[in-house]
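The sequence and structure are shown first.

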Amino acid sequence: MDATPRIPRHIAIVMDGNGRWAQRRHRPRSFGHRQGQKAVRAAVEFCRRRSIPSLTLFAFSSENWKRPDEEVGALMQLFLRALDREVDELHAHGVRIAFVGDLRPFAPELVSRMHAAMARTSGNSALRLNIAMNYGGRWDITQAAVAIAQAAARGELDPATLDEAGFARHLCLADQPPVDLFIRTGGETRISNFLLWQIAYAELYFTDTLWPDIDANALDAALADYAGRERRYGATSAQVRAVG
Ligand code: IPE
Ligand code: IPE
Ligand code: MG
């Protein structure tokens, strides 16, 4: 039953609080996004050192296009620069990068860099780093439903035999271990349309720390909290303890 895994196999993080971090310093919100990159590096390094095989980061939601043009533009520039700067080192450390989400609305130069980074690192296995870009949990479930309906229309799939596992194969991150630990920084206690299906039995951890202030100590606190949880998956505590 995997009742008390001490170390999560898959961590998903809503990296929230960049804007407030900058505003507290009387700087533009984009300054907070730039600073947030350091926390991304810290989180990647943390997972490598702790032998956590999968890390999924929410970088840009399907709703974040609503932000002022100036902020969206600054984020796009930041993504471009980050891809140019960070991929060498991630590759050198054996990190496999995957972008998840609907990538079609992004500028072609950004999309081609994302595909290049995925192709270049596809043989790596030290850490799987999934970066959610223009991702929405509802979009993910909808695109899976569309793919399944299309397969059924082609006669390749009998809808009557579709079960949860068969549905999940069409979702993003289907080839990853289940999300064990869901972290949101920045004080809000909501999911904001990040992973929905995939966090059905994740342990949720919320911290007031703003994303740019996240470091190994903050992540260790999340792991310590996680290690104290009892994952019952619907069973009783006595049953879980009997299984060990
Ligand atoms: C998260 O930080 C980064 C993105 C959504 C891209 P925010 O920009 O949402 O920061 P706050 O929540 O306004 O402080
Ligand atoms: C969620 O944060 C999206 C990312 C961190 C990329 P938001 O700041 O967009 O979420 P809301 O608007 O507070 O729900
Ligand atoms: Mg926010």
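## Pockets in the predicted model

A pocket is here an open set of grid points, on a 1 Å grid over the protein atoms alone, with protein on both sides within 12 Å along at least five of seven lines. The model examined is predicted.

The second largest pocket holds about 290 Å³ of space. It is lined by 19 residues, and those closest to its centre are Pro177, Pro178, Val179, Trp197 and Gln198. Its lining comprises 13 nonpolar, three polar and three charged residues.

## The largest pocket

The largest pocket has a volume of about 1000 Å³. Its lining consists of 44 residues, with Met15, Val40, Phe58, Ala59 and Phe79 nearest the centre. Two or more lining residues come from each of α1 (18-23), α2 (29-49), β2 (54-61), α3 (69-92), β3 (95-100) and β4 (127-135). By class, 22 of the lining residues are nonpolar, ten are polar and twelve are charged.

## Ligand 2 and its shell

Ligand 2 sits in the largest pocket. The shell around ligand 2 includes Val14, Asn64, Arg184 and Ser192. Strand β2 provides the largest share of this shell, four residues. The shell divides into five nonpolar, three polar and four charged residues.

Taken alone, ligand 2 exposes 390 Å², of which the protein buries 77%.

Technical notes
Residues numbered from 1 in each chain as written. Chains lettered and ligands numbered in written order. Predicted model: local features only at pLDDT ≥ 70, side-chain atom pairs only at ≥ 80, totals over all residues. Heavy atoms only, no water. 1 Å grid on protein atoms, 1.4 Å probe; cavity = no way out; pocket = protein on both sides within 12 Å on 5 of 7 lines; lining within 4 Å. Points joined across faces, edges and corners; volume = space filled by probe spheres on them. Nonpolar A, V, L, I, M, F, W, Y, C, P; charged D, E, K, R; others polar. Near = heavy atom within 4 Å. Areas by Shrake-Rupley, 256 points an atom, 1.4 Å probe, with all protein chains shown as cover. Sits in = over half its atoms within 2 Å of the grid points.
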